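Open the structure in your viewer and keep the selection tool at hand. The stops below say what to select and what is there.

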Amino acid sequence: MSGANPGLGYEATPPFLAPLRFFLTAPLFGIVAGLVLIGDSGLLASRWTPGTLAVVHLFAVGFLLQIMLGALIQIMPVVAGAALPAPLLTARLTHVGLSLGAAGLAAGLGFGLPVVLIGAAALLGLSIFGFLGCATVAIIRAPKSSMASHTPRDLRLSLTGLALAVVLGLSIALGLSGGAALPLPFTTQVNLHAGWALLGWAGILLAAVSWVVVPMFQITPAYPVALTRYWAPAILGLLCAWSVLSITGFDQTAIVLALALIAAVICFAGITLRQQARTRRSTPDASFRAFRLAMVTLIAGAGLLAFPHFSDAEHWPVLAGILVLHGGLGGATSAMLYKIVPFLAWLHLTQAKVKAPNVKKMLPDARAKAQLRMHVLALAALLAAALAPALGALAGLALIVEFGWLMLNLLHVVRMWRANAPTPQRAVTPA
């Protein structure tokens with residue numbers, strides 16, 4: 001099987017249930033975010049309302065981080081030869097800690113409960129650093145990668161970004177709970193936390209996975225070598241310099257570097273759109289369209305992030321956050337799920353010597369297209385609610401339908417996998 005995609009070690013793929021638990025839990029947090037919006041329809045009026053902070057972390061930690069850690073459990077052994085020790089046990093412990101921690105973090109922020117907030121932050125820190133420890137062991141033990149791309153290196157860089165984002169998040173939680181936090185202004189800490197979480201972690205991981213997944217699943221030419229070689233290290237270097245300048249008070253120079261980071265994001269998304277325009281696909285499927293929309297909204301969101309540097313209007317950061325989180329990262333993540341989950345179901349059936357249904361039968365494109373239309377409606381409703389808070393309840397309802405639909409589509413794949421698996425394969429494979 002490796003011959004189909006040289007350098008990918010499919011024989012090292014972990015048990016399906018290891019990443020699957022993350023993929024199936026993540027949409028629940030999107031549904032809860034919708035319920036919160038219905039309960040307080042005016043919360044999108046500012047980035048600082050307790051409800052906004054709760055919704056952001058339900059989505060960023062409960063949905064995005066959940067899927068990204070699940071994907072890493074799958075991708076690291078296949079792409080980088082770095083198999084996590086006891087993958088099912090690692091997945092179980094990380095998944096429980098992450099799920100409870102994300103729920104507690106949202107409750108602590110939304111209801112202003114310091115004890116719940118610090119407890120959730122501690123649980124999240126323990127779970128994520130436990131995962132990072134296992135990932136570090138796997139990377140140290142991994143043989144030298146035979147891949148021509150820079151994906152293994154960029155996966156490691158993204159883990160560095162995640163560690164820094166968690167440290168900054170823990171400091172903020174300590175400060176809000178009355179404990180000892182980093183001696184920095186609160187807004188500076190929040191901006192640094194958001195920068196490292198969105199770009200140092202999620203952005204670099206998205207790029208690292210795209211180097212492999214976009215040419216493989218979307219049948220495009222490979223990304224330009226210079227982009228894959230320099231983009232992630234440049235982002236990490238710029239983030240470090242921006243952080244130092246922000247901490248030391250060189251605000252004007254920090255703004256210049258922030259604009260450079262925005263330009264780098266637009267460059268990545270723009271080149272991805274160009275690669276997609278050169279696809280050999282005759283008819284784009286739902287995943288292809290979703291990824292293209294994600295890149296367009298990522299460009300729009302990154303562009304809007306420049307406005308808060310020149311305007312105090314409250315709606316600019318909220319609009320930018322919706323475009324980057326829901327439209328860009330959320331859209332790209334959903335697009336990848338629609339390729340990765342059916343492919344993994346097919347792969348595990350094939351490895352079990354079963355004649356597996358075609359991947360397109362695992363998840364018919366019509367089901368994914370219908371959910372994608374709901375994603376577009378939800379994005380539009382969220383943007384409208386940021387400008388007209390009375391529409392918040394409508395946006396919440398749209399989110400519930402969008403993520404409920406996503407969950408039903410993923411469960412359809414799981415039913416197909418279980419229906420075709422030989423009996424021993426339906427049980428959990430020992431770690």
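This is a predicted model: local features need pLDDT of at least 70, side-chain atom pairs count only at pLDDT 80 or more; totals for chains, interfaces and linings use all residues.

Residues are numbered from 1 along each chain as its sequence is written, and side-chain values use heavy atoms, with hydrogens and water left out.

Select residues 87-111, helix H3 (helices are DSSP runs of H or I with at least four residues, numbered from the N terminus). Helix H3 has 25 residues and spans 35 Å from first to last C-alpha, close to the expected 36 Å (1.5 Å times one less than the number of residues). Just after H3, pick Gly112, whose phi is positive, about 65 degrees.

Next come the salt bridges, four in the structure (a side-chain nitrogen of Lys or Arg within 4 Å of a carboxyl oxygen of Asp or Glu). Select Arg281, Asp285 and Lys339, which a network of salt bridges links. From Asp285, the closest N and O atoms are 3.6 Å apart in the pair with Arg281; the pair with Lys339 has an N to O distance of 2.6 Å. Lys339 lies in helix H10 and Asp285 in the loop between helix H8 and helix H9, so this pair ties together parts 54 residues apart in sequence. Asp285 and Arg281 are both buried, and Lys339 is buried too (under 20% relative accessible area; exposed is over 50%, partly exposed in between, with a 1.4 Å probe and protein chains only).

Finally, select Asp365 and Lys369, a salt bridge with closest N and O atoms 3.7 Å apart. The two are four residues apart in helix H12, about one helical turn. Asp365 is partly exposed at 28% relative accessibility, and Lys369 is partly exposed at 27%.
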